[in-house]
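Here is a briefing on one protein model, arranged by topic. Look at the sequence and the structure first, then read the points below.

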Amino acid sequence: MSEDPIVDALTVLTAAPTPYGQERATADRLANWGRAHWPQLNWQVEPLPGSVATPHSANLVATSHLGDGPELLIYSHLDTSLTGTAEFDEPITGPPTGVSTPARSCGLGRSAAPDGTALVSGFGLGVARAAAASALAGFTTAAAALRATGRPHRLTLLLAAAGTHRHHPGGQAPGGVTHHLDRHPPPAAAVVAKTGPAGVLTAEPGAMFLRVRLTTRLHPVLARESAVPPGGLIAHLGTVIEALEDFRRRHLARRADPTAPVGAELGIGAVRAGQPGKPDLLAGLLELHLYLVTVPGDDPTRIRDDLHTALLRAFADTPLRDCPVSVDGQLVHLAAATDPAAPIARHAYAAWTDAHGSPPPPVTGWTGSTDGVVLRGRGVPTVRLGPPSRGPDPADPRLDRYALTDLVRFASIYADIAARHAGASTT
């Protein structure tokens, strides 16, 4: 397989930022490019309902159908976790080398590793763009081969909108995968193309957003010693964080299983308090936003309640005891798994083995959740595998690097899985 279609796809993908909820322009560019290169395939842009969070959101769907047979869906997503703007990104990434400049959100960089390996670098490659380009190349390669030989098949590429996790105060917004599944019959099997562990994932954990809130009444800084708590809420932030970290340690210890394919995790991702324009007034509300990774058997509501109880207990003998505490949660996904003996898993194992020369290593303790659990939740046997990252670009650590040889290898793997799926459906 040539690297040219992968580089071309990455060039289209990185031509402009594709922030969450604003994927339509990129979907249109990819569809027009796909129609020009593979007119025998069907390329469609499917808009999602507009909202404040998703004003210009759309899926790209490409299909190759010949005869009848069970459908295989190859999935990745269009949006990136970061936006390419300093206002949103820098609270997460920090400025490079202390200089406040946004990451280069457009364009594809080319370089070479010390051993001469050809590398590509760009904004958002690590989230999904690199794997999405490999998925697109694998899809078109498989479709061309199947059509040339007249083999019956139903093959679909879905590059979905709103594929990265986002907390929505008004409730969890349905993503591009859900939108697609609500409007099309479920496929017989699916492949999630996204960077992950070195191996084939047949199980993924769930995810939940948690919000912890502590409140008090209005106090000016000039009267900080008479505030409740003394010094104000922010002065006691360390007590809150240590209570959360203590809960995390106990929560993970109860779920420790070195043989399990997925693992639990809990982390504080954001803290909010006060108004920067009025620092003479102490914060009356302290919010901490956490991301919870759940394992099979977890009850998210029970975890939320346990956290609330643990915080009340931890604050009972501290100045925070008189501050009301609340914990609320927003479920994103429940953990889900595919039988490792399912045909799609066997096809993925075989394709990996042929491409790498050895079977995929077993995956344990994986803590990354994707839309693979959405597909499994709809009864679709699903595997996840994708090209490895070569680390951040030394010139700007917010840009991701990938070896073209890895991207070509995984495009070949996706094409191989598609061919095996079509062959199994006709035998």
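Strand β10 (residues 265-273) and strand β11 run antiparallel and are joined by eight bridges. This is a predicted model.

**Strands around β11**

- Within the pairing of β10 and β11, Val271 stands opposite Leu288 of β11.
- Strand β9 (residues 206-215) also pairs with β11; ten bridges join these two strands, and they run antiparallel.
- Arg213 has Glu287 of β11 as its bridge partner.
- Strand β11 covers residues 285-294, and seven of its ten residues are buried, so the strand is largely enclosed by the rest of the structure.

**A buried arginine**

- Strand β14 (residues 382-385) contains Arg384.
- Is Arg384 buried or exposed? Its relative accessibility is 4%, and because the cut-off for buried is under 20%, Arg384 counts as buried.
- A polar contact of 3.2 Å links the side chain of Arg384 to the side chain of Glu204.
- Leaving aside neighbours within four places in sequence, the residues in contact with Arg384 include Val192, Lys194, Thr195, Val200, Leu201, Glu204, Trp366 and Thr370.

**Nonpolar cores**

- In soluble globular proteins, nonpolar side chains tend to be buried together.
- The largest nonpolar core in this model has 58 residues, and the members that touch the most others are Leu30, Leu72, Leu385 and Ile417.
- Helix α4 (residues 125-148) gives the most to this core, with eleven residues.
- Another core, of 24 residues, lies apart from the largest one; among its members are Phe247, Leu307, Leu311 and Leu320.
- Which residues does Leu30 touch, not counting those up to four places away in sequence? They are Ala9, Val12, Leu13, Trp43, Leu60, Leu78, Leu136 and Leu159.

**The largest pocket**

- The largest pocket holds about 1200 Å³ of space.
- It is lined by 36 residues, and the closest to its centre are Ser81, Phe88, Ile92, His165 and Arg166.
- Two or more lining residues come from each of these elements: α3 (86-93), α4, β9, β10, β11 and β16 (396-403).

Notes. Residues numbered from 1 in each chain as written. Predicted model: local features only at pLDDT ≥ 70, side-chain atom pairs only at ≥ 80, totals over all residues. Heavy atoms only, no water. Core = buried A, V, L, I, M, F, W, Y, C linked by side-chain atoms within 4.5 Å. Buried < 20%, exposed > 50% of the residue type's maximum accessible area, 1.4 Å probe, protein only. Helix = DSSP H or I, 4+ residues; strand = E, 2+ residues; numbered from the N terminus. Contact = heavy atoms within 4.5 Å. Pairing = 2+ DSSP bridges. Polar contact = N/O pair within 3.5 Å; in protein donor to acceptor, adjacent residues only side chain to side chain. 1 Å grid on protein atoms, 1.4 Å probe; cavity = no way out; pocket = protein on both sides within 12 Å on 5 of 7 lines; lining within 4 Å. Points joined across faces, edges and corners; volume = space filled by probe spheres on them.
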